[in-house]
Amino acid sequence: MPEGDTIWQAARRLHDALAGKVLTRSDLRVPKYATADLTGRTVLDVTARGKHLLTRVEGGLTLHSHLRMDGAWKIYTHDQRWTGGPAHQIRAILGVHDRTAVGYRLPVLELLRTADEQQAVGHLGPDLLGPDWDAERAVANLAAAPDRPLGEALLDQRNLAGLGNVYKSELCFLLGVTPWLPVGALPADRAEKLPVLAKKLLEANRDRPVRNTTGRRGPDLFVYGRTPRPCLRCGTRIRVADQGDGSRERPTYWCPTCQTGPAPAPGSPPTHRSRSRTLP
């Protein structure tokens, strides 16, 4: 699933292509909005809110989309061939005089009144890349469920918005604890460090084409997707197991030497994606 830095980049690309321009084409290919027509309206801005995209247009309307695992917005000039997937996967087309934005495989697409955006994103916690970022509130949200495994809590967008499975694994490694450590067992100094480090990671990567958490030229990540290769710090083989996030199991990576805290038993079935690719 694209994470906060990826969505921030998508919002910037869409904003640069569409904002301040009049829509010459509008095609929303979902039944509820099949007759909606935004042509003739000016795109005001495109902004990210956590993992959500908000495209605001003249007349007090917002097109809300969420990419989840497979969705994507592609931008083309009028002489370019569309290459984001077959035509039946297109869910939205927004065209201006010199660009066309095409939304592929969008599992969430809805047209809202801009005044009602909170219906779509009001449940989110502080956005790590947004103007509403509040580190103290994020820590308080996490601490409200002290028995919850840290990895699950970090993925819960109601606590803080923007982290996904890659950053969950990398952040736990940098904090030196396993993703199964209860939030309440996180030492105070690391609990204080957590929001600062999370924000630093996303800010460092929002302008990068390839996500990097190690601060070096390859490997780009400390643990995510690296099993069974050795830990970059201690040489122990990186391990992987499934961890839930409240909706489904996700492959979770950690170093059993560098990270302290509970972990699945050695005999636990591993995830089917022992060498999962880095999310785009």
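These legends go with a handful of close-ups of one predicted model. Because the model is predicted, local features need pLDDT of at least 70 and side-chain atom pairs count only at pLDDT 80 or more, while totals for chains, interfaces and linings use all residues. Residues are numbered from 1 along each chain as its sequence is written, and side-chain values use heavy atoms, with hydrogens and water left out.

**View 1**
Asp45 sits in strand 2 (residues 43–49) and Arg56 in strand 3 (residues 52–57), 11 residues apart; strands are DSSP runs of E with at least two residues, helices are runs of H or I with at least four, and both are numbered from the N terminus. Arg56 also pairs with Glu117, at 2.7 Å, N to O. Glu117 lies in the loop between strand 8 (108–113) and helix 2, so this pair ties together parts that are 61 residues apart in sequence. Glu117 counts as buried at 9% relative accessibility (buried is under 20% relative accessible area, exposed over 50%, partly exposed in between, with a 1.4 Å probe and protein chains only).

**View 2. Arg49 meets Asp132.**
This salt bridge comes in at 3.2 Å, N to O. Arg49 is in strand 2 and Asp132 in the loop between helix 2 (118–121) and helix 3, so the contact joins parts 83 residues apart in sequence. Arg49 is buried, at 16% relative accessible area, whereas Asp132 is partly exposed at 28%.

**View 3. A salt-bridge network.**
Arg148, Glu152, Asp156 and Arg158 are the residues linked up here. The model has 12 salt bridges by the same rule.

**View 4. Inside the largest nonpolar core.**
This core has 35 residues, and those with the most contacts inside it are Leu150, Leu154, Leu160, Leu163, Leu171 and Leu194 (a core is a set of buried Ala, Val, Leu, Ile, Met, Phe, Trp, Tyr and Cys residues joined through side-chain atoms within 4.5 Å). Helix 5 gives the largest share, seven residues.

**View 5. A positive patch on the surface.**
Lys193, Lys200, Arg216 and Arg233 gather here (patch residues have over 30% relative accessible area and no salt bridge, with like charges joined within 9 Å). Lys200 belongs to helix 6 (residues 188–205) and is exposed, at 59% relative accessible area.

Notes: Patch = residues over 30% accessible without salt bridge, like charges linked within 9 Å, V, L, I, M, F, W, Y side chains within 5 Å. Areas by Shrake-Rupley, 256 points an atom, 1.4 Å probe, with all protein chains shown as cover. Salt bridge = Lys/Arg side-chain N within 4 Å of Asp/Glu carboxyl O. Lys, Arg positive; Asp, Glu negative; His and termini not counted. Charge placed at Lys NZ, Arg CZ, Asp CG, Glu CD.
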